[in-house]
Structure formats: C-alpha cells, structure tokens
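Hello,

I am handing over the structure we talked about, and my notes on it follow below.

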Amino acid sequence: MLFKLRFQADDGKERRAFIDSLMLNWEVVSEDEKRLLRDHLLASTPGLKKLEDENWFKVDWTRVPELVEHRTVLLRKGKAYVPMREQTSMIMTEFTARLEKGLELTSRALPRLDEDDRLTPILNHLSKSFTTPDAAFSDSDASLHGAPINAANIDNLSQHFPLCMKHLHNTLRKNSHLKHYGRLQYTLFLKGIGLSLEDCLIFWRQSFKLITDDTFNKEYRYNVRHAYGDVGGDTNRRGRGYSPYSCQKILTEHPPGTGEAHGCPYRHFSVDNLTSMLQATGVHDREVLRGVKEDVEKNRYHIACNRVFEWAHKNEIKKVKDDGSWGSAELDTIVHPNTYFKRSYLLKNLGKVPKGDVRIED
Ligand code: SF4
C-alpha cells in the first residue's frame with residue numbers, strides 16, 4: 001500500500017524513469033499488431049471506443065493475474081495484452097512478486113539472525129501488525145448523494161453492512177445496549193456512512209430503550225458528540241472527530257471480551273458461531289462457507305469478508321464489469337467497513353445513486 005501510494009504520487013516523468021530502471025522487458029504492441037487484433041482489443045478493454053486512444057503492452061499472462069481475473073485484458077498465446085492505463089496494476093504485481101521473494105529470502109535468513117536482538121523484535125512486530133492492508137478515511141468517502149441516510153433508516157441500511165457492523169446492530173437491537181468499544185466502533189462507522197450528528201444522537205437515544213433521557217444525556221450523549229468532533233480536546237483532530245475504524249484496526253486492536261460485540265466476527269468468533277451468523281444473514285452457499293472456513297484458518301480474515309461480499313453481489317458485479325461502468329480499481333479488495341457499505345449500497349442501487357469515487361483511498 002505504501003508503495004502504491006508513493007507510485008501514484010509521482011509525476012509521469014518520475015514514473016517513466018522508475019519503470020525503465022526496473023528493466024521489466026515489457027513488449028509494446030506494434031501498430032500493425034494493434035490493427036490486426038482491432039476487434040479483440042476493443043472488445044476486451046472496457047469503456048474503450050477508439051483503438052487509437054490506447055496502447056498496449058504484451059506480457060506473460062501470469063504476471064497480471066488480477067487483470068485476467070477481472071477479464072479486462074485480451075489473452076492470446078499465453079500473453080496478456082495490457083492497456084497502458086493498467087500500468088499501476090502491473091507495477092504492483094511486479095512489486096509484490098519482488099517483495100515476496102525478498103521476504104522469502106529474509107525468512108530463510110531468520111534463523112541466522114536469532115542472535116541479533118535489534119532486528120528480530122522488529123520483524124516479529126511487522127509480522128503481527130499487517131493482518132490486512134490499512135486504509136485511511138477521508139470525508140468524501142461518506143458521500144452517497146441522495147441516499148436516505150437517517151436515524152429511521154438504519155435498520156433498512158443494515159442489509160449493506162459488513163458482518164462486524166451487522167453484529168453490533170443486531171446486538172444493539174437485542175439488548176438495547178452496547179458496551180463502550182462497541183458504541184465507539186459503531187458510532188464512527190455510522191458517521192462514516194454519512195449519518196449526521198443529530199441523527200446519530202436520535203439513533204442511539206431510541207436504541208437505548210431501557211434508560212431515561214436523563215441517563216442518556218449524562219452518560220452517553222457526550223461520547224457520541226466527541227466521536228463526531230463536536231466536543232473534545234486537541235487530540236480530537238481539531239473538530240473533525242475520529243475516523244471510522246479500518247479493518248486492520250478492528251482486527252488488531254482491543255479484542256472483544258465477554259459481553260462485548262465489537263471486533264470482527266471473522267477473527268473473533270469461533271468457526272461454528274461464524275458459520276451460524278453467516279447462515280442467519282442468508283449465506284447458505286456451501287462453497288462460500290467452505291472458502292470462509294479456509295480463509296479464517298489461514299488468518300485471512302478480510303479475504304473471507306471479501307469472499308462473502310463478492311458472493312452476495314455477484315450479479316451486480318457481473319453487470320458493472322460487463323458494461324465496463326466500474327474499473328477494476330473500484331472493485332479491488334475491501335479493507336475498510338465503510339467501503340463495504342458504500343460499495344454494497346451502490347451496487348444494489350445501480351443507476352439510482354451517483355457513483356462518485358467508490359473506494360476509500362488507501
Ligand atoms: Fe468488518 Fe473488515 Fe471484518 Fe469485514 S473484515 S467484518 S469489514 S472488520
């Protein structure tokens with residue numbers, strides 16, 4: 001992710017120089033070949049109208065599995081014809097391959113590093129910290145223009161929530177209460193989907209059915225306002241409040257204790273409980289449930305979550321891929337609960353809500 005960010009921040013000249021320095025041996029498709037494959041190239045490049053508007057590289061297809069998976073490249077005689085616009089994806093794949101190779105070499109060298117008390121703790125820390133790539137959140141991520149995001153509609157909107165937030169929502173409905181970290185995780189998520197502070201206060205007040213107004217005002221109102229940055233000191237990002245939690249934060253910080261509902265079900269539930277919850281939310285496909293189990297056993301929690309998302313939205317994803325209205329970057333791996341919500345909402349309301357930027361920026 002750091003690499004991607006740095007690469008995208010470079011200007012065109014710097015990128016060109018960097019790519020040249022890698023000596024990747026990419027073959028640029030000649031004008032003659034372009035003309036020869038005209039129809040195939042046009043058909044395999046979503047959104048492209050004129051052949052002259054694009055150039056292609058020819059590479060072994062194994063170097064761009066992501067593009068092959070999303071069917072955005074022409075495959076011919078073992079080669080993938082990659083449009084220039086997908087350059088970032090290719091560089092990322094190349095970088096990932098080199099990084100993995102480097103990590104493998106490092107892991108082989110690790111036993112020899114045992115006596116080095118400087119490096120080993122750093123490597124141990126690294127291996128535990130990066131359960132998923134992290135994602136930051138910016139205000140524009142909340143924008144879903146025209147969508148009915150208000151206190152009265154949260155039950156309805158919860159069909160688009162990822163499992164972590166569905167669990168919080170269901171627990172809140174069942175107990176009319178959530179403990180501290182659950183309230184914080186859920187409040188920030190609701191803020192992230194675009195719920196106003198006023199509506200968020202109404203939502204919590206109505207949800208906490210068993211307490212009086214007085215108790216709510218004394219014990220809970222301040223925390224909601226604080227999360228929104230309406231009150232609080234300078235650690236509170238100068239009035240903007242805290243950012244909604246990313247998957248990485250939810251997966252790695254404050255594991256839930258007894259009676260707490262925050263965290264990520266893929267990580268913090270037993271496999272049996274996770275399966276029951278998935279079934280209760282309508283996931284009955286055996287293949288999906290088996291895949292989730294495998295992912296979870298390999299600690300690939302967010303991959304399990306993406307697997308469920310892709311299954312639940314398979315028809316819509318096929319549609320936007322087929323008509324080329326969404327690019328592969330807009331369907332890349334979800335690493336933030338708010339991306340899950342926004343993408344789910346947009347896919348299930350295709351044509352009704354302006355798409356805007358679908359991703360939470362990495
Ligand atoms: Fe939520 Fe992320 Fe876990 Fe999915 S992977 S349930 S979005 S924390």
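Two strands pair if DSSP finds at least two bridges between them, and helices (H or I, at least four residues) and strands (E, at least two) are DSSP runs, numbered from the N terminus. This is a predicted model, where local features need pLDDT of at least 70, side-chain atom pairs count only at pLDDT 80 or more, and totals for chains, interfaces and linings use all residues. Residues are numbered from 1 along each chain as its sequence is written, and side-chain values use heavy atoms, with hydrogens and water left out.

Let's begin with the sheet. Four strands form an open sheet in the order β1-β2-β4-β3, with antiparallel pairing. Its edge strands, β1 (27–28) and β3 (74–76), each pair on one side only. Strands β2 (residues 56–60) and β4 (residues 79–83) run antiparallel and are joined by five bridges. In β4, Y81 stands opposite K58.

D60 and K79 also form a salt bridge (2.8 Å, N to O); the term means a side-chain nitrogen of Lys or Arg within 4 Å of a carboxyl oxygen of Asp or Glu. D60 belongs to strand β2 and K79 to strand β4, 19 residues apart. By this rule there are 21 salt bridges.

Next, the ligand. Which residues are around it? They are P162, C164, C247, I250, C264, Y266, H302, C305 and P337, where near means that a heavy atom of the residue lies within 4 Å. Helices α14 (247–252) and α18 (301–312) each give two or more residues to this shell.

Finally, α18 packs against helix α19 (residues 314–322) at an angle of about 75°, with their axes 5 Å apart. Axes are lines fitted to C-alpha atoms, for helices over the stretch in contact, and angles run from 0 to 180 degrees between N-to-C directions. F309, E310, W311 and A312 in α18 meet K314, E316 and I317 in α19, contact being heavy atoms within 4.5 Å.

Happy exploring!
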